[in-house]
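Try each task before reading its solution.

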Amino acid sequence: MSIFYKIAPHLESLGGELLTSLGQTFQMLLVSGIFAFFLGIFFGVLLIVTKRGGIMQNTILYSLIDKAIDVIRSIPFIILMVLLIPVSRALVGTGSLRTGSGIKGAYVALIVGTVPFFARQIESVLADVDRGLIEASQAMGFSPVEIIFSVYLKESIPGITRVTMITFVSLVGITAMAGAIGAGGLGDFAIRYGYQMGYTDMSWVTVIIILIIISIIQFVGNAVIKKTTH
């Protein structure tokens, strides 16, 4: 470890806090990522099946979801976090990003900020499913729910994996952004020690850790894509 302390002299005294911040980042990624994954697939499927010509065509519902996604995606994440403080306070008991419960207070904004992006990606992936498979399933008497699970989602596993990987990489970035305004995690650590206290070595350590996290996400995602592509 001595070689690491020579390269990053502040690591010895701040190593424990760095590990705590890393744990907070993983906590935000896990909780927000799980919710965003299922909600994103839900809304992505709704978009594809309720659009004009879809298996559950409902143009009013499609328009409402479509416009809501566009509006939310147009709001900068930092502003979105502030706007959602009352919602966060109502759902998780805190909206504060300046207390020890900052991670908990960031969940709602992280989920709301991620779901529209992921849902739009899912819509794009499902739109590439062969229309002939959909029509053949309808001719065989499959219900809309059966078509969703047996055709749309099953045939799109590689594409869903790809956009999930992209979304999680993006989520790493916005968790760092959330941390930069007090929600904890690596972003908060980098701002406090790398910027405010001028410990440049801590900034580089944080960047390297984030790059490693992103590389792991991409490695796992590419492995799943390779295994499921047929």
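**Exercise 1.** Which residues does Thr-25 touch, not counting residues up to four places away in sequence?

*Solution.* Start by placing the residue in this predicted model: Thr-25 is found in helix H2, which spans residues 11-50. Leaving out residues up to four places away in sequence, Thr-25 touches Thr-175, Gly-185 and Leu-186.

**Exercise 2.** Is Thr-25 buried or exposed?

*Solution.* Take the relative accessibility of Thr-25, which is 4%. Buried means under 20%, so Thr-25 counts as buried.

**Exercise 3.** Find how many aromatic pairs the structure holds, then classify the pair of Phe-189 and Tyr-193.

*Solution.* The structure holds five aromatic pairs. In the pair of Phe-189 and Tyr-193, the ring centres are 5.0 Å apart and the planes meet at 50 degrees, so the pair is tilted. Next, locate the two residues: both lie in helix H10 (residues 185-196), four residues apart, about one turn of the helix. Both are buried: Phe-189 has a relative accessible area of 0% and Tyr-193 one of 11%.

Now follow Tyr-193 onward. Tyr-193 also forms an aromatic pair with Tyr-199, at 6.3 Å centre to centre and 10 degrees between the planes, and this pair is stacked. Tyr-199 is partly exposed, with a relative accessible area of 22%.

**Exercise 4.** Which residues do ring pairs link into a cluster?

*Solution.* Ring pairs join Phe-37, Phe-38 and Phe-118 into a cluster.

Definitions and conventions: Residues are numbered from 1 along each chain as its sequence is written. This is a predicted model: local features need pLDDT of at least 70, side-chain atom pairs count only at pLDDT 80 or more; totals for chains, interfaces and linings use all residues. Side-chain values use heavy atoms; hydrogens and water are left out. Rings of Phe, Tyr and Trp (its six-membered ring) pair if their centres lie within 6.5 Å; planes under 30 degrees apart count as stacked, over 60 as edge-to-face and the rest as tilted. Buried means under 20% relative accessible area, exposed over 50%, partly exposed in between (1.4 Å probe, protein chains only). Contact means heavy atoms within 4.5 Å.
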